[in-house]
There are 2 protein chains.
Amino acid sequence: MVTLKDIAAEAGVSITTVSNVVHNRKSRVSPELVAKIWKIIEREHYVPSMSARSLANDQSCIIGVITHLTPQNTGSTVGDPFLSSFVDSIEKQTRDEGYYLMIRAVEEAKELSALSRSWRLSGLILTGMFQDDFFRTTKELGIPYVLIDSYVDDPDACCVGLEDEKGGYIATKHLLENGHRVIAFASPSVRPGGVIEKRLIGYRRALAEYGISYDPSLVFTQEISVEEGKQLGRLLAAKKEITGIFASADILAAGIMAGLSESDVSVPQDKSVVGFDDLYLSQLTIPGLTTIHQDAGQKGILATEMLLKQLRREPIAEKNIILPVHLVKRGSVQPPKR
Amino acid sequence: MVTLKDIAAEAGVSITTVSNVVHNRKSRVSPELVAKIWKIIEREHYVPSMSARSLANDQSCIIGVITHLTPQNTGSTVGDPFLSSFVDSIEKQTRDEGYYLMIRAVEEAKELSALSRSWRLSGLILTGMFQDDFFRTTKELGIPYVLIDSYVDDPDACCVGLEDEKGGYIATKHLLENGHRVIAFASPSVRPGGVIEKRLIGYRRALAEYGISYDPSLVFTQEISVEEGKQLGRLLAAKKEITGIFASADILAAGIMAGLSESDVSVPQDKSVVGFDDLYLSQLTIPGLTTIHQDAGQKGILATEMLLKQLRREPIAEKNIILPVHLVKRGSVQPPKR
């Protein structure tokens, strides 16, 4: 059996250098040396055993990216356009430091615990909404972790989130400033402690500033899909009193605009619409969608940086990173007709 | 140390049953038994060691989902909207059979080989374009594998692909039938053996049927993004002789439409556009985008089924699955002005 030590001796380098090459930590080794070491590895038919390493080191160099399965969400949220923009940057950054990515959707906290302990995961990134028992379980595992888009009441937890409440506030305020007084809130179901609830709180704060009392019958719950958005658009088309619509996701907003258009209701002449996310599609709708900008890729980058810092035992200056939002004005808002 | 055997004895079930519960193969065990076994696992603090199992069984139950890093694609294609629709279904199906998903972007075939051997991967799914040495390497590994969207000249290889050539053909033919004679082909760079080359071959076949000779100056290469599409749209707006545009991706087509619109060129009055993919955004553009429909999620489902069949040592009736395409007519094509 050829060992790491044999390869290092043959190449005249340290074991660490060979390990860096094997695990693709390319930034630490010159391209010439990488090529030389790979040549020896191939000639000697060396195969590092991750299982043996994992048993010896008590950790696997696997980072778990965890999403939450719920009764509503029986697939997994891996296919979510947001998550895919995270996964992209998480994969790249962790790969560059010699880690491997395992993607898993879990239903219950004990599954997360079993997964992490049985694979000796080196770190965890949890994305989206989880219940409190998940946060407790994650903390008890004693390995580095970062939460994305989770609201957790724990100063020790490393989190990357967004100004969700402010986003809801400025979206609604923009409609109010344009003279709208009956404003619908369209979103997927509001779960306590989730990002949608925060956006709804922002919506309510803006209304309150204008002395408008909150009317739950103006909250329309719809799954995030173009088809469901269209249905909602057709429904809202018939409600003449509603002149402004704030949708908590661009996909939903775009669907609503299509549904309104099918019902011969014009945006922004008859109704104004504001979205959330600033996906590329908000540039494609006609008129362009006025929306709240957020940088989803950046969430993944910052979360991974925070995780890698923990893995390198470097200090973390700010454990709770909240990314800013801002309003992007396009063409979907104007004052209502008198 | 508590072992699998201890848990099985305590629960009065077989080791296989406990293993099914631990690895989440829920369909094979009743919910009551699952709950009972989890209770014992938690009480006894049992932690299965995947590393030890991997060393003992010479395989890890990890499925590698591999994308190809190229100089043009320095991130990874994990964030690609297509790949994310695959990953979603791959994760769900493999999880239900007790496998775990590792996602990795590789640059060279030897990295793939090292990854697979060092982790003792149970199977591989390769997505997108790879060079021949990747296919050779993959085959030599001797583990089950499936290729998605790869054109490989090997009857033994399990592949899931699309009628790419036919898609290019029917898109172009639709423009020709509507009276267009100068038709641009817009796509990311054409790599030999890739899906784009096949769509280009289809475009050329349709032109040839109408006695139109192929003009390379009508091929416009552009990265797939709304921004780049818009630039191309503005460029095409000035080319009066071009009345039809076939874009090999909807995102590009939508960007082109936005760029044309900015330049006061109307679709379909001044120029007609056909896309490819039938993403949800093709329903959102105004006019709706006429496009070639494909089912990306289905590619992931079928590829995973084929991989799981190999892992279960079941026979595979058809190793080369080609998914059908069809034209979806919306509003972006009409005969050119005289």
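# Exercises on a predicted two-chain model

At 29% relative accessibility, B:E44 counts as partly exposed. The structure is a predicted model, and the exercises below begin with this residue.

## Exercise 1: Salt bridges around residue 44

Determine which residue forms a salt bridge with B:E44, and which residues of chain A are joined with A:E44 in one network.

Solution. Step 1: a pair qualifies when a side-chain nitrogen of Lys or Arg lies within 4 Å of a carboxyl oxygen of Asp or Glu. Step 2: the closest N and O atoms of B:E44 and B:R43 are 3.5 Å apart, and the two residues form a salt bridge. Step 3: in chain A, salt bridges with shared partners join A:E10, A:R43 and A:E44 into one network. Step 4: over all chains, the count by this rule is 34 salt bridges.

## Exercise 2: Two salt bridges in chain A

Find the salt-bridge partners of A:E163 and of A:K337, and state how each residue is classed by accessibility.

Solution. Step 1: A:E163 pairs with A:K166, with the closest N and O atoms 3.6 Å apart. Step 2: A:E163 has a relative accessible area of 22% and is therefore partly exposed; A:K166, at 35%, is also partly exposed. Step 3: A:K337 pairs with A:D270, where the closest N and O atoms are 2.5 Å apart. Step 4: this second pair links distant parts of the chain, 67 residues apart, since A:K337 lies in the segment after β12 (326–328) and A:D270 in the loop between α11 (250–262) and β9 (272–277) of chain A. Step 5: A:K337 counts as exposed at 58% relative accessibility, whereas A:D270 counts as partly exposed at 27%.

## Exercise 3: The setting of A:T243

Is A:T243 buried or exposed, and which residues outside its sequence neighbourhood does it contact?

Solution. Step 1: A:T243 is placed in the loop between α10 (226–237) and β8 (244–247) of chain A. Step 2: its relative accessible area is 16%, and buried means under 20%, so A:T243 is buried. Step 3: neighbours within four places in sequence are set aside, and A:T243 then contacts A:H180, A:R181, A:V182, A:D270, A:K271, A:S272 and A:P336.

## Exercise 4: Packing of helices α2 and α3

Describe how α2 (residues 15–22) and α3 (residues 31–43) of chain A pack.

Solution. Step 1: the axes of α2 and α3 are 10 Å apart and meet at an angle of about 90°. Step 2: angles of 65 to 115 degrees count as roughly perpendicular, so α2(A) is roughly perpendicular to α3(A). Step 3: α2(A) contributes A:T17, A:V18, A:V21 and A:V22 to the contact, and α3(A) contributes A:L33, A:V34, A:I37, A:W38 and A:I41. Step 4: these residues divide into eight nonpolar, one polar and no charged.

## Exercise 5: The interface of chains A and B

How much area do chain A and chain B bury between them, and how many salt bridges are counted between them?

Solution. Step 1: 56 residues of chain A contact 57 residues of chain B. Step 2: the two chains bury about 5,100 Å² between them, 60% of it on carbon and sulfur atoms. Step 3: A:R104, A:W119 and A:L284 lose the most area on the chain A side, together 13% of what that side buries. Step 4: the count of salt bridges between chain A and chain B is zero.

Methods:
Residues numbered from 1 in each chain as written. Chains lettered and ligands numbered in written order. Predicted model: local features only at pLDDT ≥ 70, side-chain atom pairs only at ≥ 80, totals over all residues. Heavy atoms only, no water. Helix = DSSP H or I, 4+ residues; strand = E, 2+ residues; numbered from the N terminus. Buried < 20%, exposed > 50% of the residue type's maximum accessible area, 1.4 Å probe, protein only. Contact = heavy atoms within 4.5 Å. Axes fitted to C-alpha atoms, helices over the stretch in contact; angles between N-to-C directions. Parallel < 35°, antiparallel > 145°, perpendicular 65-115°, else oblique. Nonpolar A, V, L, I, M, F, W, Y, C, P; charged D, E, K, R; others polar. Buried area = accessible area lost by both parts, 1.4 Å probe.
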